[in-house]
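Work through the exercises below with the structure in view. Try each task before reading its solution.

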Amino acid sequence: TLPTFAVTFDSTKTQLGDVIEFRRGNAVLGSATLGTADQVSLGTVNVTLTSALSNGTNTYSAVQRDAAGNTVTGTPTLPITLDTTASAPIATGFTPTSVNGTAEANAIVKFSNSASAPTIFVGSATATNAGAYSLDVAGLTGSTAGTSYYLYAQDVAGNQSPASSQQLIVGTNSNDTFSSVGGSGSDLLIGGTGTDLVQYAVSINAIALTGQINNTNAIDIRTA
């Protein structure tokens, strides 16, 4: 639903047929024509927009235009902040029990194993005013082939972000084999306590890596 704004004007300087416009810069987002003497004498009119407000912070103004094309811009202008999108969180580090990173200030960061339109989430952490978060990985359930989880964020306006480009790939406490997993981001592999084999292919420049994480926490990696 497009919003409606009440605009006041000086009825003593207004004529029948004048048009009240709601603008962003020179772009007219909605208008109302004063078609009756009662509308003119009232000194206020509702303007329903026909074009949507822009996301972010923008300044809007009311402009009165007469039949000859003369215009008067009202004061003060109206700054409006519209927030309809959220940015995906980014993982920048990890500990044995958590993933750390950045998100929008005060956003709620969660995991989901769905790459799009998730309905079920795991874990929850609220980012600080500076956007830092630390999200516990204890609730993630893995598999021997590796289960992929994605990071999502819900901002303070209630918007949900798209999935992070990074994946968190979770194994088990058995000997796992992670093969053909991963995306375009910098992914985190959690293999558990077993001896795990990782076969990780990156399509850009056709680089393929195979690694084995042994039970002394050493990692052996070779190019394919």
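A contact means heavy atoms within 4.5 Å. This is a predicted model, in which local features need pLDDT of at least 70 and side-chain atom pairs count only at pLDDT 80 or more, while totals for chains, interfaces and linings use all residues. Residues are numbered from 1 along each chain as its sequence is written, and side-chain values use heavy atoms, with hydrogens and water left out.

**Exercise 1. The chain as a whole**

Task: describe the contacts, the burial and the secondary structure of the chain.

Solution. Step 1: take the contacts between residues at least 6 apart in sequence; 47% of them join residues at least 24 apart. Step 2: apply the burial classes, where buried means under 20% relative accessible area, exposed over 50%, and partly exposed in between (1.4 Å probe, protein chains only). Of the 224 residues, 33% count as buried. Step 3: list the elements, which are DSSP runs numbered from the N terminus (helices: H or I, at least four residues; strands: E, at least two).

**Exercise 2. An open sheet**

Task: in what order do the five strands of the open sheet lie, and which are the edge strands?

Solution. Step 1: two strands pair if DSSP finds at least two bridges between them. Step 2: the order is E11-E10-E13-E14-E16, with mixed pairing. Step 3: strand E11 (122-126) and strand E16 (188-190) each pair on one side only, which puts them at the edges. Step 4: look at one pair inside the order. Strand E10 (residues 108-112) and strand E13 (residues 147-154) run antiparallel to each other over five bridges. Ile108 has Gln154 of E13 as its bridge partner.

**Exercise 3. The salt bridges**

Task: how many salt bridges does the structure hold, and which residues do they join into one network?

Solution. Step 1: a salt bridge is a side-chain nitrogen of Lys or Arg within 4 Å of a carboxyl oxygen of Asp or Glu. By this rule the structure holds two. Step 2: Glu21 bridges to Arg23 at 2.6 Å, N to O. Both of these residues are buried. Step 3: Glu21 also bridges to Arg65, at 2.8 Å, N to O. Glu21 lies in strand E2 (residues 19-24) and Arg65 in strand E5 (residues 56-65), so this pair ties together parts that are 44 residues apart in sequence. Step 4: compare the accessibilities. Glu21 has a relative accessible area of 5% and is buried, whereas Arg65 is partly exposed at 29%. Step 5: through shared partners, the salt bridges join Glu21, Arg23 and Arg65 into one network.
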